[in-house]
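Visitor: Hi! Could you walk me through this one?
Guide: Happy to. Here it is.
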Amino acid sequence: MQGESLTVRNLEICATPLGGEEHSIVNNIGFTLAPGEVMALIGESGSGKTTIALAMLGYARRGCRIAGGSVRLGETEILELNAVQTRRLRGHRVAYIAQSAAAAFNPSRSLMDQVIEGALIHGVMDRHSAQQKAVQLFRELALPEPERIGMRYPHQVSGGQLQRIMAAMALITDPALVILDEPTTALDVTTQIDVLRAFKKVMRERGTTAIYVSHDLAVVAQMADQVLVLKGGQEQEQGRIAQILEQPAHEYTRSLLAAARPDAHLSPPETARGDELLRIDDLQVGYGQRDRNGHPDKVVLDHIQLRIDRGQALGVIGESGSGKSTLARTVAGLVAPSRGAVQFNRRELSPTLRGRTSEQFRRIQMVFQSADNALNPAHSVRRLLNRPLETYFSLDRNVRRCRVEELMDLVKLPHTLLDRKPGELSGGQKQRVNLARALAAEPDLILCDEVTSALDTVVGAAILELLVELRRELGVAYLFISHDISTVRSLCDDVMVLYQGECVESGRCEEVLTRPQHNYTRKLIGSVPELRQGWLETCQWSTQTEASAPLV
Amino acid sequence: MRNAIPVLVLGRLSSSLVTLFLVSLVIFAITSMLPGDTAQLILGQFATPDQVAALRTELGLDQPALLRYWHWLSGFMTGNLGMSASNGVSVTQLMSDRLPNSLLLAAITTAISVPLALIMGITAAMRRGGAVDRVLNLVTLSMVAVPEFLVATLAVLLFAVKLDWLPALSYVSTVESFGDFMKIYAMPVLTLCCVLIAQMARMTRAALIDQLDSAYVEMARLKGVPPMRRVLRHALPNAVGPIANAVALSLSYLLGGVIIVETIFNYPGIASLMVDAVSNRDLALVQACAMLFCSAYLVLVMMADLCAILSNPRLRNR
């Protein structure tokens, strides 16, 4: 056992926004961890969970300041150390695992260099034994080629591997406390399960005390002993994991639990099947130079076949790199297919934007994942919504104003937001504006590309609810792209599973998701963490399980 | 695949040739359009039309412009840069007299300004928002804002006129000892450094701050990496690309752009040669100088790109 106990008392952290007054963003936080225990900090973005976690390292980000309280690790009072002592603590007794491994590794230095850097700086061991220990950790974390993977650079390994290498980087000095900051949020579910397992194994073996920051209750259920629920920098509830899952005392905890699985209370509306709206036969899309047969250098999608009827919703699921987004981009005309064509309303669509009519543009609208990037930050909401109205319809000023207000009602936003800029809206409000802008064109088909992925669970669940309602009221059809099976289940009639650019399974949603035929579909469904303790141990899936084994 | 670098160099060299060709066309067109006539200028106001016509024939100026261009181009290809029209010396001779002076001035300035600028930029980035940063910011900003002729004139006023430490003019031919050398180069180099350091230091600061804000530097900090090592080992290698480009752009100024410094200190460099050539309508010389400046620029930019690639494993190993 190397973990040490951690006691946090009355922690308070202040932030000074640019040109603003200092105010406190984390208030009166306290908890106690016995050696080897894992505490989960859970809450939406902006709830202060990362800020609290970083305070365990005696660190506050630019513009923030630890204003008071105490963080005691073993016998050390962390907040009272001077700069040099703090530096000796970090990466030695307290280690940090960041959310995005891709960003947290220096792109210009080899992985081994970075993994052992902490051990060398703190003089824990010499270079040779540090390297041996790193290889040992790589092996324990089930990384491929443990002897040689350290010679690579960050861009040469996958995201899941990088995340595990970061765990090795954290554990190389045998720290007493490890801070894990959303370490699997950026990963596919199929990868997440391996990483979680590896984390859990090495931490349990070493008896490391840990803080696990996450917004995903199901993941927390696998990893944590205790949970601290946060909102706006304030503690909402604190307790053992079993108690939080089974008898949540606080209202906010209950809403988090409900949002974690939207399909429990949300289901696609009963709509009558209409005429064929979108049909794709044997589509192939690729990038790069085409050879003599018109075959592209890198095929992203192949043999894609689908049909969406008027008012229906088709969910497309698969992990990152499976070609989901490319499919939406092809339908939108942003990427030209190398074979096959898109039929819309029984008419063949031009492969590129150039050949499409204004009417076709109007009837197919796209909603992007990140409303931050999709909305012009310099335009007001009114102007953003007016744009499609001016482009597609010739309305007079008053009608247009009414229509803009109608759209706001439709996405359940107050009219007072009309004159704000996107920067002044919350994440969920921005996504609603993003959606309203697509609805302004009165489309027949909306292409939704991971529209809830960047949002907090509670906010994302509300957007999903809105999408279901819009389907019911407006009869609009969706091509709904997601990596999250539960969102597809709560919104879509049909589902299509993509794996490495090919459709491995498709059919009615409840059919495919309850009785999956293909091994990959089973794995994808089986890898979604369940909201109960002990799921990780009983789950049989891992990356090692052959996913592509054909099932004829 | 490790052949990215030869491929890049070859590609750059070939596109450089095209650029040089286009530049020569443009220069030729501009010099042809300039008012005035070379022969007239050489012979002066009182020449008879017959004399002018004779000289024009001798210089080949009566031929059509395209033909003249062709003659020049074919000569250039074979290494014959032609004769200077205004003083009958070969262009190669004129340039080889001046070029070493320019290169020497450029080399000294580079050797002083680049390290200084890097140190200033790095220090400012490390102490961002602090007193040191603000002072450096003020200094570099005022260096950018003050025109170099003012810096040069003030330097002459102070060091040559008031204090009488340094000679006002740089007669390179009088150098006999290291002390002379220092005295002669001190003011031109000082003036040039003022201009260059400011630009390079500001770019270095910006490029470095960009990296210091990144997640991996925060990660390094949370690993307990000391500040100096964070900057030099973690952030700087990733900022080499933009810094190298800023340095290359600044240094390219050292051949052609130093005309003011050359004029004020009467320094016999290549920039003043070109300016004289333009006022004399000395086509061959103008072309040759333009070609030289252009190639120097292209070489510098290519070197900067090479630095950027070599410092980035993602590009290096592609």
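Guide: First a term: two residues are in contact if their C-beta atoms, placed from the backbone, lie within 7 Å. This is a predicted model, where local features need pLDDT of at least 70, side-chain atom pairs count only at pLDDT 80 or more, and totals for chains, interfaces and linings use all residues. Residues are numbered from 1 along each chain as its sequence is written, while chains are lettered from A and ligands numbered from 1 in the order in which they are written.
Visitor: How many residues of chain B are in contact with chain A?
Guide: On chain B there are 16, and they meet 22 residues of chain A.
Visitor: Which helix of chain B gives the largest share of that side?
Guide: Helix 9 of chain B, with four residues. At least two residues each come from helix 9 (215-222), helix 10 (227-256) and helix 14 (313-316) of chain B. Helices here are DSSP runs of H or I, at least four residues, numbered from the N terminus.
Visitor: New topic: how is chain A divided?
Guide: Into domain 1 (6-261) and domain 2 (276-530), with bounds from an automatic or database domain assignment. Their centres, taken over C-alpha atoms, are 35 Å apart.
Visitor: And how many residues does each domain of chain A give to the contact?
Guide: Domain 1 of chain A gives 15 and domain 2 of chain A gives 14.
Visitor: Which elements of domain 1 give two or more?
Guide: On the side touching domain 2, those are helix 7 (189-206), helix 8 (217-223) and helix 10 (251-260) of chain A.
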